[in-house]
Structures are given as structure tokens and as C-alpha cells.
Amino acid sequence: MVTLEDMKKYLRVDGRDDDDLITSLIESAEQYIINTTGKTNNGSALYLLCEKIFVAHWYENRGIVGEETELPQAGQALLTHIKLSDAYPEAAS
């Protein structure tokens, strides 16, 4: 799972005001990837990048109400890669 410190660097966020929000988004991204692909992280940089892409998208679009925002294409491509690759372990049922 992406660390809070790494995610804040990726988002270019200073301070601690959004730490709880970012932490919950990291956990949500991990669950989203597992639920979507059926695979867990094996320490792969691609898996971590996928988490970062979704956290960044949700963080940047958290204030939009009633407006649909598509998930980033790069994140979708990584989800497909993770799902189809044998490099990632199956998630426990």
C-alpha cells in the first residue's frame, strides 16, 4: 500500500490538514483495485502507481457534486494490466 508520505509527495501536499482524508483515499484505492481486479499488491511499482492515480483523482475531484468525472485512462489501463497479469497474487475470498 502507498504510504501517506509518498502520497503527499505525489500530490504535492504540504502540512497535515488533509492527512486523514488522504489516508482514507489510500485505503479506498487499495480496496477498489482488489475488488475490481481480484488481485493484491506484490510490491509492484505499477500497482502502487495505480493506487496513486486513483487517490490523486479522488483527492482533486472531491468537491464536485452532481458532476460525473471519469476515472483516469492510465488508471483504467493499469487495472486491466493487474487483472490480466499472473504477476499479482489472487486476493483472498
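Biologist: Is E5 buried or exposed?
Modeller: In this predicted model, E5 counts as exposed, because its relative accessibility is 53% and exposed means over 50%.

Biologist: What does E5 form a salt bridge with?
Modeller: E5 pairs with K9, and their closest N and O atoms are 3.5 Å apart.

Biologist: And how are E5 and K9 placed in helix α1?
Modeller: They are four residues apart in α1, so about one helical turn separates E5 from K9. K9 is exposed as well, with a relative accessible area of 57%.

Biologist: Which face of α1 carries those two?
Modeller: E5 and K9 sit on the face turned away from the buried side of α1.

Biologist: Then which residues of α1 are buried?
Modeller: Helix α1 covers residues 4–11, and M7, K8 and L11 are buried in it. Viewed down the axis of α1, the buried residues fall within an arc of 100°, so they line one face of the helix.

Biologist: What do they pack against?
Modeller: The buried residues of α1 pack against α2, which is 19–37, and against α3.

Biologist: Is D19 buried or exposed?
Modeller: D19 is buried, with a relative accessible area of 14%. K8 also counts as buried, at 14% relative accessibility.

Biologist: How many salt bridges does the count come to?
Modeller: Four salt bridges. Besides the pairs already discussed, D18 forms one with R62, where the closest N and O atoms are 3.8 Å apart.

Biologist: Where are D18 and R62 in the chain?
Modeller: D18 is in the loop between α1 and α2, and R62 is in the loop between α3 and α4. The pair links distant parts of the chain, 44 residues apart. D18 counts as partly exposed at 22% relative accessibility, and R62 is partly exposed with a relative accessible area of 48%.

Biologist: Back to the end of α1. Which residue follows it?
Modeller: R12 follows α1, and R12 is found in the loop between α1 and α2. R12 has a positive phi of about 60° although it is not a glycine. As background, most residues other than glycine have a negative phi.

Biologist: Is R12 buried or exposed?
Modeller: R12 counts as exposed, at 77% relative accessibility.

Biologist: Different topic. At what angle do the axes of α3 and α4 cross?
Modeller: They cross at roughly 145° and come within 9 Å, with α3 being residues 45–60 and α4 residues 73–84. In handedness, α3 passes α4 in a left-handed crossing.

Biologist: Which residues make the contact?
Modeller: From α3, the residues are L46, Y47, L49, C50, I53 and F54. From α4, they are A74, G75, Q76, L78, L79, H81 and I82.

Biologist: How do the residues of that contact divide into nonpolar, polar and charged?
Modeller: Ten are nonpolar, three are polar and none is charged.

Biologist: What else does Y32 touch?
Modeller: Not counting residues up to four places away in sequence, Y32 touches F54, W58, L71 and L79. Y32 is partly exposed, with a relative accessible area of 28%.

Biologist: Last one, N41. Where is N41 found?
Modeller: N41 is found in the loop between α2 and α3.

Biologist: Which residues is N41 in contact with?
Modeller: Leaving aside neighbours within four places in sequence, N41 is in contact with M1, E30, Y47, L48 and E51. N41 and A87 are 46 residues apart in sequence, and their C-alpha atoms are 9.5 Å apart.

Terms used: Residues are numbered from 1 along each chain as its sequence is written. This is a predicted model: local features need pLDDT of at least 70, side-chain atom pairs count only at pLDDT 80 or more; totals for chains, interfaces and linings use all residues. Side-chain values use heavy atoms; hydrogens and water are left out. Axes are lines fitted to C-alpha atoms, for helices over the stretch in contact, and angles run from 0 to 180 degrees between N-to-C directions. A crossing is left-handed if the near helix is turned anticlockwise from the far one by less than a right angle, and right-handed if clockwise. Contact means heavy atoms within 4.5 Å. Ala, Val, Leu, Ile, Met, Phe, Trp, Tyr, Cys and Pro count as nonpolar, Asp, Glu, Lys and Arg as charged, and the others, Gly among them, as polar. Buried means under 20% relative accessible area, exposed over 50%, partly exposed in between (1.4 Å probe, protein chains only). The arc is that of the directions from the helix axis to the C-beta atoms. A salt bridge is a side-chain nitrogen of Lys or Arg within 4 Å of a carboxyl oxygen of Asp or Glu.
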